[in-house]
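Subject: Structure handover

Hello,

Here is the structure you were expecting, followed by notes on what was found in it.

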Amino acid sequence: MLSRVQHKNLVKFIGACKEPVMVVVTELLTGGSLRKYLVNMRPRCLEPRVAVGFALDIACAMDCLHSHGIIHRDLKPGVSIFFVIVLLPSSLVYCVYQRRKVATIKRKYFQQYGGHLLLEEMKSEQGFSFRIFKEEELIEATNNFDEKNKVAEGGSGIVYRGTIDNKLVAIKKCKTIGERERKEFDKEMLILSQLNHKNIVTILGCCLEVEIPVLIYEFISEGTLFDLLHRKCDVDIPLHTRLKIAQETAEALSYLHSWASPIIVHRYVKSFNILLDENFVAKVSDFGASVLTPSGEGQFVTHVQGTLGYLDPEYVQTGQLTVKSDVYSFSVVLLELLTRKMAFCTEELQVRSLVADFYSAIKENNVVAILDVKITGDEENMDVITKLVELVRKCLHMEGEMRPEMRQVAASLEASVRAMNNLQPREGIGLI
Ligand SMILES: Nc1ncnc2c1ncn2[C@@H]1O[C@H](COP(=O)(O)OP(=O)(O)O)[C@@H](O)[C@H]1O
Ligand SMILES: [Mg+2]
């Protein structure tokens, strides 16, 4: 029978052999049966476009047989008839139901995270480049959050590398989603979307259609300052590079403390949260725990939060957080840059704190002993190093009030950079 008809939707007859038993030879179709396909793909949803395509192909094949006066008679319930009459309509209904359900969930998350408010704010802000991304864009950008694209795992989020519009981006997904994480996510989004500074990581947008919130940033290629100092031990870091990183970080913090409105206390200043681009330009990141200071208040009580080795002792004792807590943490970063030692670690069952080591060295009048020999080896560096050590000492003062302001620290570091580059000092703002 097959030899009489040819149609693109009918299996192709090649030949037959009658002896000793009847054997029919047809083309080989590698995809398997429709039933197998439907069984294998469940519980995924059959795309309406694909389902309609299948149905049309089957209908065309039947039409061709009928026009040759042939009735198939064995369209198995398990295959075509069942598919056309039962499976196709139910698949379509199931698809529509699934799509509506997903759309409702996405809408719920969007509202929950204040997406509408954000959109209104974006419309009213001129030149505001923050964007709301679709979930599909992120899935495509990261190859469905493939492990291979995982860059790092921080305290609260997992960061993936992705490409959107031919641009590399970093995509941070919260690890868990409780009330605290949601608040941190909201805060980071709110703070970063208002900031514009060359030494603060740029946020590009967020995705609000998902259960676990996602933030999207410019991609900073060289990792963290922590990695550079403590993991890439074979990389030589000249003093002027260390100084430049310190100065740029200080500029960013000075901007948060003096120019942002309301003033922002970062609260988690540490080498883990300072990213470096391909030119070693520092970018301060991770604003989830940051605090916007209530207007006019220089200090306020919060529950103590921070990282061992960087925590301001006055804040730990009183619970009062001020911008000077960031000054303290920053000076620990400066010490890391000068010593290439970690802020806090356990060595041979002993706890080691860099600040404690610094104080011991000062007591013994031998600070050079804890500094990195790679920078102390050069006699020409010693003037600048002595100034930096003095700056660290002032910033580590036990009383916050006695510590310099961040803008004074930034100005002082800039003066050191200029001195190293044999440039004239600038008219300084409150140099210390
Ligand atoms: N914009 C970025 N570009 C490249 N890597 C990043 C970026 N943002 C974060 N990372 C990497 O992800 C890690 C965790 O990000 P972070 O914002 O600090 O989250 P957490 O709150 O979980 O600490 C960082 O230490 C860094 O290694
Ligand atoms: Mg972090």
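**Strand 7 and its partners**

In strand 8, Y217 is the bridge partner of I203. Please keep in mind throughout that this is a predicted model. Strand 7 and strand 8 pair in the antiparallel sense, over four bridges, and a hairpin of six residues joins strand 7 to strand 8. Strand 7 also pairs with strand 3 (residues 131-132): these two run parallel and are joined by two bridges. Here I132 stands opposite C206 of strand 7. Strand 7 is mostly covered, with five of its five residues buried.

As background, the strands of a sheet pair through backbone hydrogen bonds, in either a parallel or an antiparallel arrangement.

**Helix 5**

Helix 5 covers residues 135-142, and L138, A141 and T142 are buried in it. Seen down the axis of helix 5, these buried residues fall within an arc of 80°, so they line one face of the helix. What covers them? Strand 5, strand 6, strand 7 (203-207) and strand 8 are among the elements that cover the buried residues of helix 5. After helix 5 comes N143, which has a positive phi, near 55°.

**Ligand 1**

There are 22 residues around ligand 1, and A152, G154, V159, A170 and D286 come nearest. The elements that give two or more residues to this shell are strand 4 (150-153), strand 5 (157-164), strand 6 (167-174) and strand 8 (214-218). By type, the shell around ligand 1 divides into 10 nonpolar, nine polar and three charged residues.

Why does ligand 1 lie between domain 2 and domain 3? Both domain 2 (115-218) and domain 3 (225-420) give residues to the shell around ligand 1, so the ligand lies between the two.

**V368**

V368 has its place in the loop between helix 11 (354-363) and helix 12 (373-376). The C-alpha atoms of V368 and L338 are separated by 9.9 Å, and the two residues are 30 apart along the chain.

**The chain as a whole**

The secondary structure of the protein chain comes to 14 helices and 16 strands. Of the 432 residues in the protein chain, 31% are buried. Taking the contacts between residues at least 6 apart in sequence, 62% join residues at least 24 apart.

Regards

Terms used. Residues are numbered from 1 along each chain as its sequence is written. Chains are lettered from A and ligands numbered from 1 in the order in which they are written. This is a predicted model: local features need pLDDT of at least 70, side-chain atom pairs count only at pLDDT 80 or more; totals for chains, interfaces and linings use all residues. A residue is near a molecule or strand if its C-beta atom, placed from the backbone, lies within 6 Å of it. Ala, Val, Leu, Ile, Met, Phe, Trp, Tyr, Cys and Pro count as nonpolar, Asp, Glu, Lys and Arg as charged, and the others, Gly among them, as polar. Domain bounds come from an automatic or database domain assignment. A residue is buried if 20 or more other C-beta atoms lie within 10 Å of its own, exposed if 12 or fewer, and partly exposed in between; C-beta atoms are placed from the backbone. The arc is that of the directions from the helix axis to the C-beta atoms. Two residues are in contact if their C-beta atoms, placed from the backbone, lie within 7 Å. Two strands pair if DSSP finds at least two bridges between them.
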